[in-house]
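User: I am new to this structure and would like to learn how its features are read. May we go through them one at a time?

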Amino acid sequence: MREFAYERATDAGQAVTAVLADPEAVFLGAGTNLVDHLKLGITAPGRLVDVSRLPFDEIIERPGGGMRIGAAVRNADLAAHPLIRARYPMLSAALLAGASAQLRNLATTGGNLLQRTRCAYFQDPSTPCNKREPGSGCSAIGGCDREHAVLGASDQCIATHPSDMAVAMAALDAVVRVLGARGEREIPVTRLHRLPDAEPDRDTVLEHGDLITAVELPALDWARRSTYRKVRDRASYAFALVSVAAALDLADGVVRDARIAFGGLAHKPWRAYDAEAALRGKAATEANFAAAAEAELAAARPQRQNGFKIPLARGVLVATLRELTEQESR
Ligand code: SF4
């Protein structure tokens, strides 16, 4: 492992300045992903700027009913927060579906958003990978692609995004607050992560020195009827083959509005705008749920080994919407 300089930031401005001053510097939060990468030789920064002691560990109710979540809030604390559980159950469920209890106790909100793909080739420095080493090729294309993307992939990279939490935040129209070279700005979670296109090494739209300080959840009363469903190869401590975050606004058996995002299908949390549009104003029936899934998945393109993800995604979405409909009628 390459030697690196270490410094602990005492405030956010100082942290940003320190990283901006050194092109080889990165932020260190809980380190649950970065430290793995250091050990595997996936990344070799020259400087770690530790932001884990910055005062971003509060969950605050905002005027009007939304919530502000500090970037350093631990995943376990966010999942267990009474207002998160009551107002945004899909977010609590998504957090609890991720990682292990030990990791959730350590991992932070900001770090969870920025975790990198678990593509096995990305994690193996002996294989070509355009994300790890631009221009080297993509070993997954024509290789083991069972867990890879069916939506939004490119001929440079077919990796999926691993976060469960980010899928729920995309469905909820959460907004990320960022401090960087140009001061503070806001980025919707739906626009934070990129599709791979010709630059798969860039996971997000963040620039060098950008520090996530908080995530804001807008008020959404009907998100009380929401959930997160995840399908994976084993019951815990595994990444999603397919996951769905969904909320339904129902009145007299008709869908007034819906929020849907998929995980495990793309290089980013996949907000299912076409499925949402297909549902609005329709009766909450199994046939309409299936039609909404078809509307979203019409653009899906399987790799060699992961064609199963498309009918699986359809089935998981229909089952999730059925579950929410039954919740509503209780
Ligand atoms: Fe690398 Fe992406 Fe190809 Fe995986 S899918 S080997 S991350 S370029």
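User: Is Asp 197 buried, partly exposed or exposed?

Analyst: Please keep in mind that this is a predicted model. Burial is judged from relative accessible area: under 20% is buried, over 50% is exposed, and values in between are partly exposed. Asp 197 has a relative accessibility of 46%, so it counts as partly exposed. This residue belongs to the loop between α9 (189-192) and β8 (211-217). Its backbone deserves a remark as well: Asp 197 is not a glycine, yet its phi is positive, about 40°.

User: Where does Tyr 237 lie, and what is its phi?

Analyst: Tyr 237 is placed in the loop between β9 and β10 (242-251). Its phi is near 55°, a positive value in a residue other than glycine. With 47% relative accessibility, Tyr 237 counts as partly exposed.

User: How many helices and strands does the protein have?

Analyst: The protein contains twelve helices and twelve strands.

User: How should I read the pairing of two strands, and how do β6 and β7 run?

Analyst: Pairing is read from the bridges between two strands. Here β6 (residues 175-180) and β7 (residues 183-188) run antiparallel and are joined by six bridges. Two residues lie between these strands, and together β6 and β7 form a hairpin. One of the bridges can be followed directly: Arg 177 has Glu 186 in β7 as its partner.

User: What general idea applies to the side chains along a strand?

Analyst: In a regular strand, side chains alternate between the two faces of the sheet.

User: In which strand is Thr 227, and which residues does it contact?

Analyst: Thr 227 is found in strand β9 (residues 226-231). Its relative accessible area is 11%, so Thr 227 is buried. Setting aside neighbours within four places in sequence, Thr 227 is in contact with Met 90, Val 244, Ala 245, Ala 246, Thr 320, Glu 323 and Leu 324.

User: Is Gln 102 buried or exposed?

Analyst: Gln 102 is part of helix α6 (residues 101-106). Its relative accessibility is 61%, so Gln 102 counts as exposed. The C-alpha atoms of Gln 102 and Ala 76 are separated by 9.0 Å, and the two residues are 26 apart along the chain.

User: Where is Val 51 found, and which residues is it in contact with?

Analyst: Val 51 sits in the loop between β3 (47-50) and β4 (59-61). With a relative accessible area of 12%, Val 51 is buried. Leaving aside neighbours within four places in sequence, its contacts are Ala 15, Phe 27, Leu 28, Gly 29 and Leu 211. Val 51 and Gly 209 are 158 residues apart along the chain, while their C-alpha atoms are separated by 12 Å.

User: Is Thr 127 buried or exposed?

Analyst: Thr 127 counts as buried at 17% relative accessibility. This residue lies in the loop between α7 (109-114) and α8 (165-171). Not counting residues up to four places away in sequence, Thr 127 touches Tyr 121, Arg 132 and Ser 139.

User: How does the radius of gyration of the protein agree with that of a compact globule?

Analyst: The radius of gyration is compared with the value for a globule of equal residue count. For 330 residues, a compact globule would have a radius of gyration near 20 Å, and the protein has 20 Å, which agrees. Along the principal axes, the C-alpha trace spans about 60 × 50 × 35 Å. Buried residues make up 52% of the 330 residues. Among contacts between residues at least 6 apart in sequence, 64% join residues at least 24 apart.

User: What is the accessible surface of the protein, and how many positive and negative side chains are there?

Analyst: The accessible surface comes to about 14,200 Å², and 50% of this area belongs to carbon and sulfur atoms. There are 40 positive and 40 negative side chains, and the centres of the two sets lie 3 Å apart.

How values were computed
Residues are numbered from 1 along each chain as its sequence is written. This is a predicted model: local features need pLDDT of at least 70, side-chain atom pairs count only at pLDDT 80 or more; totals for chains, interfaces and linings use all residues. Side-chain values use heavy atoms; hydrogens and water are left out. Two strands pair if DSSP finds at least two bridges between them. Helices (H or I, at least four residues) and strands (E, at least two) are DSSP runs, numbered from the N terminus. The radius of gyration is taken over C-alpha atoms; the globule rule is 2.2 Å times the number of residues to the power 0.38. Buried means under 20% relative accessible area, exposed over 50%, partly exposed in between (1.4 Å probe, protein chains only). Contact means heavy atoms within 4.5 Å. Accessible areas come from the Shrake-Rupley method with a 1.4 Å probe; for residues, only the protein chains shown count as cover. Lys and Arg count as positive and Asp and Glu as negative; His and the chain ends are not counted. The place of a charge is taken as NZ of Lys, CZ of Arg, CG of Asp or CD of Glu.
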